[in-house]
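Dear colleague,

My findings follow directly after it.

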Number of protein chains: 2
Amino acid sequence: VPTYRLTIEYEGTRFSGWQIQPRGRTVQGVLLDALREVTGEPRLDLQGAGRTDAGVHALGQVASLRCQRTLRPADVAHRLDALLPADLAVRSITPAPHGFHARHDALERSYRYQLARRRSAFGKRWTWWVGEPLDLAAMEQAAAALVGRHDFAAFGKRGGGKDSTVVVLSTAALVATGDIVLVRFVASHFLWNQVRRMVGALVAVGRGDADSRDVPRWLDGTASPPPLGAPAAGLFLEAVRYGQEPFMLPPPIPIGVPVADPGGTR
Amino acid sequence: VPTYRLTIEYEGTRFSGWQIQPRGRTVQGVLLDALREVTGEPRLDLQGAGRTDAGVHALGQVASLRCQRTLRPADVAHRLDALLPADLAVRSITPAPHGFHARHDALERSYRYQLARRRSAFGKRWTWWVGEPLDLAAMEQAAAALVGRHDFAAFGKRGGGKDSTVVVLSTAALVATGDIVLVRFVASHFLWNQVRRMVGALVAVGRGDADSRDVPRWLDGTASPPPLGAPAAGLFLEAVRYGQEPFMLPPPIPIGVPVADPGGTR
């Protein structure tokens, strides 16, 4: 079976998530329609590495595509550029080994959450502006306490057919650059809603509504983490790793630029 | 009369431009409404340095505000953050000398146009993706030929109450970074539509539909420049210079990030 690997970028604001649904505009659905038109094949199998929720973006979603006939990737890519809507782009199509499955074969997924440090006219769709100063050092301590093999049941439901709520979180780190604080999480898989719940808890620590020393008690079940998750708009699936490939972790998407301040008040 | 200088950022997509109109959502109109509510003063005078058109963005628009009573800038800024819509932000408010007028006192205005070098799911609102390769060296030659004191009548109508179509263009330069080619123009003032017409002409040169050696003939009136202007979405008023202040020219707003390409075709 001819199999291909697609790297996909989407602005999630107007999508009801990745996974195809009877109703609702989904990334998988829109992309399958375009691929059927381009290939002329009514039966295609398209599987994404991450089932992102409504409003969540992707910089480097990966999907596997199985077809009946061999494709010419450059032609398909060119025709997709003309067919796909403005908020969805296929960045690469390459032949993949027989049997490649983007979700089952993924070793690690990297998500980022973009917190805005100021109100920006360009930030609404891609960031969460909390509206008050955050104690980044306390948030870093709390993030570090999340790293490792833990039962994250308090942070999300099971998802993706896994029976266990145990997740090995290999990275939970803050990167502050310019007007953005990027919070990055890497793991083999995540529970449903886990990243947004973890970000919500870190922001509670940053605001002083919770303490980084509470994290172990959230994980061992003796206390409940803050219940509010972060809004979808700040969340991006940024990369998926397979085999021995290096993990490409891209820099933040800025929300504007520094402006010369003539000795002002902000 | 208490006078203030405001630095303003907006995402122009949903605005009918800067200048207040009887109908239509304008930056000046929305900002005046918010300022009236914050100050309690029904009669305020708010003048912007650049009358940007519908769909044009601003990173550093400057406005002068005249009021009846003295304001506390930090309080006004804080209350505006809560009142203004997501696509409009006031970045600074500072006391200005008596008689300061943002439009009349401006010495130079800098506009940028963002051309996308690839199709991006994040680029539609802020860039123009031409959809074919551009000869950047030819565009640079054409841009250089535009610099200087010329009659730009072929590129735009008079605007801003000026009688002459002569403009001294001090900068016309390309900056290529990552997925963006930024085209920057600096002049004391511009004709209406001039920047978008100049970008349209440069893109015609980049596509090979025109030649950089045609530029002098466009300027002396012996030939007509390409008639199509560039779309509003790529255009930003980026900075305004007054007096001896340095000119702050900010970097491009990216439209996504590099993605590791597993030996692909794009």
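In this predicted model, helix α3 of chain A (residues 136–146) has as its buried residues A:A138, A:M139, A:A142, A:A143 and A:L146. Buried here means under 20% relative accessible area, against over 50% for exposed and in between for partly exposed, with a 1.4 Å probe and protein chains only. Helices (H or I, at least four residues) and strands (E, at least two) are DSSP runs, numbered from the N terminus.

Just after the helix, A:G148 takes a positive phi of about 120 degrees.

Residues are numbered from 1 along each chain as its sequence is written, while chains are lettered from A and ligands numbered from 1 in the order in which they are written. Local features need pLDDT of at least 70, side-chain atom pairs count only at pLDDT 80 or more, and totals for chains, interfaces and linings use all residues; side-chain values use heavy atoms, with hydrogens and water left out.

Turning to the cores, the largest nonpolar core has 76 residues, of which B:L6, B:L115 and B:F185 touch the most other members. Such a core is a set of buried Ala, Val, Leu, Ile, Met, Phe, Trp, Tyr and Cys residues joined through side-chain atoms within 4.5 Å. Helix α4 of chain B (residues 194–207) gives the most to this core, namely eight residues. Apart from it lies another core of 75 residues, including A:A63, A:V181, A:L191 and A:A232.

A:E238, in strand β10 of chain A (residues 235–241), counts as buried because its relative accessibility is 2%. Its side chain makes a polar contact with the side chain of A:R184 at 2.5 Å; such a contact is a pair of N or O atoms within 3.5 Å, and within protein one must be able to donate a hydrogen and the other to accept it, with residues adjacent in sequence counting only if both atoms are side-chain atoms.

As for chain A overall, there are five helices and 10 strands, and 56% of its 266 residues count as buried.

With kind regards
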